[in-house]
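Please look over the sequence and the 3D structure shown here before reading on.

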Amino acid sequence: MQVLYYATSTFSPSARHAKDLARYEKEPHRRRQPTQQQTFMSKAPAHIVDGLRKQHAETTILYDKTKAALDALPPN
């Protein structure tokens, strides 16, 4: 029998949101970079390019939600 222990988080909500926000800031740049290269766009299959664009859009939405949640937190 496996017992799972859940420790209480030592991170405050603002620290968690700040960490997520930093990750989401890097992600769009990585997703956008290949789609800005004409040689990649001309050679890549359409489903790959569509997938990159979809991931970019999803990450942008997550970034906006996290930024709003971070801004809504009361200052310490």
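Residues are numbered from 1 along each chain as its sequence is written, and side-chain values use heavy atoms, with hydrogens and water left out.

The protein chain has 3 helices and 0 strands. Read from the N terminus, the order of its elements is α-α-α. Helices (H or I, at least four residues) and strands (E, at least two) are DSSP runs, numbered from the N terminus. Helix α1 covers residues 13-35, helix α2 covers residues 38-43, and helix α3 covers residues 46-72.

How confident is the prediction for the protein chain? The average pLDDT is 76, and 72% of the residues score at least 70; pLDDT is the predictor's confidence in each residue, from 0 to 100. Confidence is lowest in helix α1, with a mean of 73, and highest in α3, with a mean of 86. Where pLDDT is low, the predicted coordinates should not be read in detail.

The protein chain has 76 residues, and 16% of them count as buried. Buried means under 20% relative accessible area, exposed means over 50%, and partly exposed lies in between (1.4 Å probe, protein chains only). The chain exposes about 6400 Å², of which carbon and sulfur atoms supply 57%. These areas come from the Shrake-Rupley method with a 1.4 Å probe; for residues, only the protein chains shown count as cover. Contacts, meaning heavy atoms within 4.5 Å, can also be sorted by sequence distance. Of those in the protein chain between residues at least 6 apart in sequence, 69% join residues at least 24 apart.

Helix α3 has 27 residues and spans 39 Å from its first C-alpha to its last, close to the expected 39 Å at 1.5 Å a residue. The expected span is 1.5 Å times one less than the number of residues. Which residues of α3 are buried? They are V49, L52, T59 and T66.

T66 counts as buried because its relative accessibility is 9%. Leaving out residues up to four places away in sequence, T66 touches H17, D20, L21 and Y24. Its side chain also reaches the backbone oxygen of L62 at 2.8 Å. This falls under polar contacts: pairs of N or O atoms within 3.5 Å, where within protein one must be able to donate a hydrogen and the other to accept it, and residues adjacent in sequence count only if both atoms are side-chain atoms.

One of the residues touched by T66 is D20, which also takes part in a salt bridge with R23, their closest N and O atoms being 3.7 Å apart. A salt bridge is a side-chain nitrogen of Lys or Arg within 4 Å of a carboxyl oxygen of Asp or Glu. R23 and D20 are separated by about one helical turn because they are 3 residues apart in helix α1. An α-helix has 3.6 residues a turn, so residues three or four places apart point the same way. D20 counts as buried, at 17% relative accessibility, whereas R23 is partly exposed, at 47%.

The structure holds 2 salt bridges. D71 forms one with K67, with 3.9 Å between the closest N and O atoms. Both residues lie in helix α3, 4 residues apart, about one turn of the helix. D71 is exposed, with a relative accessible area of 53%, and K67 is partly exposed, at 34%. Side chains of opposite charge can pair when their charged atoms come close.

A69, in helix α3, is 55 residues from S14 along the chain, and their C-alpha atoms are separated by 8.7 Å. A72, also in helix α3, is 58 residues from S14 in sequence and 9.8 Å from it in space, C-alpha to C-alpha. A69 is partly exposed, with a relative accessible area of 28%, while A72 is exposed, at 63%.

The last stop is S42, in helix α2. Its side chain reaches the backbone oxygen of T39 at 3.0 Å. S42 counts as exposed because its relative accessible area is 59%.

How values were computed: This is a predicted model: local features need pLDDT of at least 70, side-chain atom pairs count only at pLDDT 80 or more; totals for chains, interfaces and linings use all residues.
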